[in-house]
Protein chains: 2
Amino acid sequence: MQTRVKSVRALARGLEVFKALHHHRSASLQELHQDTGLAKPTLLRILKTLEEGGIARRSASDGRYRVSASVRFFGQNLGEEDAIAELAAPVLDRLCRDVIWPSDLAVYKEGAMEILESSRHQTPFMVNRDRIGFRVHMLMSAMGRIYLAFSPAAERRAILMRLSRSNDPYDHAARNPSTVLADLAKDRARGYAVREAGYGRWGYTDRSRAGAIAVPVMQGRRVLASLSLSWAAGATTREQMVDQHLDRLKSAAAEIGTCLPAPAA
Amino acid sequence: MQTRVKSVRALARGLEVFKALHHHRSASLQELHQDTGLAKPTLLRILKTLEEGGIARRSASDGRYRVSASVRFFGQNLGEEDAIAELAAPVLDRLCRDVIWPSDLAVYKEGAMEILESSRHQTPFMVNRDRIGFRVHMLMSAMGRIYLAFSPAAERRAILMRLSRSNDPYDHAARNPSTVLADLAKDRARGYAVREAGYGRWGYTDRSRAGAIAVPVMQGRRVLASLSLSWAAGATTREQMVDQHLDRLKSAAAEIGTCLPAPAA
DNA sequence: GTGAGTGTTACACCAGGTGAAACTTCGGCG
DNA sequence: CGCCGAAGTTTCACCTGGTGTAACACTCAC
């Protein structure tokens with residue numbers, strides 16, 4: 001995997017100039033020259049290219065270069081989830097080295113947990129094929145349940161309400177909230193949720209051949225996401241997983257939670 | 001001025017790949033290959049470079065490339081003003097070709113009009129040396145007065161209040177609001193404001209050797225900015241300027257106002 | 001005017017970018 | 001389990017395209 005692909009120096013320089021331009025709010029050729037150490041003709045060519053690409057502009061009145069206003073739209077496709085996913089990726093990676101089994105990171109989105117990152121590919125065990133963007137049921141998964149368990153009461157209620165109106169039969173357990181809430185309280189108390197292979201509850205049975213434990217990723221008091229660890233049914237047991245790996249899983253969740261982005265909307 | 005500086009193809013390609021990546025929310029190498037027409041080894045190198053630059057990332061779980069979350073911060077230095085300035089630049093440019101005299105574009109900011117763009121450099125007449133970022137008094141300038149004249153009453157009141165507390169003696173005319181408001185009403189009625197060379201009013205005299213007329217740049221009912229036209233005292237008169245160029249000035253302001261950005265906060 | 005500082009152009013060298021082709025890896029299917 | 005096709009990766013030789021020096025043009029300060 002360690003690639004020996006070369007990088008493109010000309011492009012790297014261009015990015016460097018862009019960053020310098022972003023750093024100063026506006027800059028003259030001379031300033032960029034001093035800041036980046038690039039020769040002025042080189043800068044002239046780079047800036048020309050950035051201009052043509054709509055990334056930079058040169059004001060006609062003073063000759064100074066600025067970042068183009070169109071750059072404002074670059075970030076707007078990206079949500080907090082992307083930041084979490086990016087931040088979590090290396091943590092998942094290390095976690096997967098310590099613990100052989102794969103783990104997933106998911107956030108709540110519109111009635112289900114959506115997987116942001118995963119370390120499945122890194123393990124020899126093909127527990128399942130869930131990909132990024134895959135949506136996991138709230139009540140039939142460890143990740144969904146631990147998210148609910150650590151949500152503020154109002155949000156929890158709202159989510160359960162939504163699930164009870166869902167078309168998906170797996171969500172219908174939410175129509176019997178008292179049982180569900182009792183279970184969630186237990187998960188909350190012990191700090192993790194479990195879904196064993198063949199998990200059956202509330203009238204439905206899970207057909208997966210994998211088990212999973214999940215812990216919340218907290219930013220202060222707020223649940224950002226769920227982090228889970230899966231194992232193949234038969235290869236090991238829930239008790240072993242909890243004994244051996246729960247602490248490590250929790251520390252990974254803590255790590256993701258602490259080096260968090262600013263609390264957005 | 002028409003430069004024959006070459007652009008850097010490698011950089012242009014890199015930007016193209018970034019844009020493709022931004023367009024799709026995530027993309028595989030193959031997709032980028034089809035989308036951009038670039039050879040896969042080339043893409044591999046470019047993507048490596050973008051990753052090293054913190055612009056893109058490759059998810060470890062699926063092999064797909066995404067725009068890095070750090071890109072979110074690129075736009076945050078930029079305000080609506082930057083968009084206005086960028087949009088206005090070519091309009092000012094054309095205006096200056098039709099009318100020989102230089103014009104300025106300014107927005108209200110913290111008790112003064114701040115110049116965003118100017119076409120002074122393009123004319124032989126060095127009327128004055130105001131640069132981008134230069135701050136112009138609200139009451140002693142045509143730009144400031146026309147901005148006030150077209151502001152909603154509440155904002156106008158707030159600005160005058162602020163000026164009356166200012167340390168700058170030029171702002172103190174605001175302490176006598178009834179006179180000022182009467183003058184602003186006249187400017188509003190005729191649609192433009194004037195400051196002639198040696199302009200004296202409210203107990204203070206302008207020392208500039210230039211005259212100026214200004215019109216508002218409207219976005220619907222909202223004043224975005226002021227657009228002004230300056231001339232050298234003695235070279236021409238206010239009447240001539242109004243007769244010959246006011247319509248052109250207004251059309252330029254309208255042009256800026258219509259191809260506006262989305263109404264932000 | 002003179003001179004320092006900045007922006008621009010010309011040019012010749014050759015590092016560095018490029019893509020065809022070969023190779024590897026992966027996932028699906030029978 | 002082995003075949004196959006598709007996607008990703010590496011190699012490598014060609015030669016364009018990126019590079020910086022040096023010369024030039026311009027603006028401003030004094």
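Me: How many nonpolar, polar and charged residues does the surface near DNA strand C have?
Reply: Sort the residues by class, then count. In this predicted model, the surface near DNA strand C has nine nonpolar, five polar and eight charged residues.

Me: Which protein atoms lie by a phosphate oxygen of DNA strand C?
Reply: Leu29(A) places a polar backbone atom 3.4 Å from a phosphate oxygen. Arg13(B) uses a polar side-chain atom, at 3.2 Å. For Thr42(B), a side-chain N or O atom is 2.6 Å from a phosphate oxygen. Elements giving two or more residues to this surface include α2 (29-36) of chain A and α3 (40-52) of chain B.

Me: Now the protein interface. How much area do chain A and chain B bury between them?
Reply: Read area together with atom type. The two chains bury about 4800 Å², with 61% of it on carbon and sulfur atoms. In chain A, Leu11(A), Arg72(A) and Phe74(A) lose the most area to chain B, together 13% of what that side buries.

Me: How many salt bridges and polar contacts are found between the chains?
Reply: Count each kind on its own. There are four salt bridges across the interface. One of them pairs Glu86(B) with Arg57(A), closest N and O atoms 3.6 Å apart. Polar contacts join 25 residue pairs.

Me: Which element gives the most to chain A's side?
Reply: α1(A) does, with eight residues.

Note on methods
Residues are numbered from 1 along each chain as its sequence is written. Chains are lettered from A and ligands numbered from 1 in the order in which they are written. This is a predicted model: local features need pLDDT of at least 70, side-chain atom pairs count only at pLDDT 80 or more; totals for chains, interfaces and linings use all residues. Side-chain values use heavy atoms; hydrogens and water are left out. A polar contact is a pair of N or O atoms within 3.5 Å; within protein, one must be able to donate a hydrogen and the other to accept it, and residues adjacent in sequence count only if both atoms are side-chain atoms. Helices (H or I, at least four residues) and strands (E, at least two) are DSSP runs, numbered from the N terminus. Ala, Val, Leu, Ile, Met, Phe, Trp, Tyr, Cys and Pro count as nonpolar, Asp, Glu, Lys and Arg as charged, and the others, Gly among them, as polar. Buried area is the accessible area (1.4 Å probe) that two parts lose on being put together, summed over both. A salt bridge is a side-chain nitrogen of Lys or Arg within 4 Å of a carboxyl oxygen of Asp or Glu.
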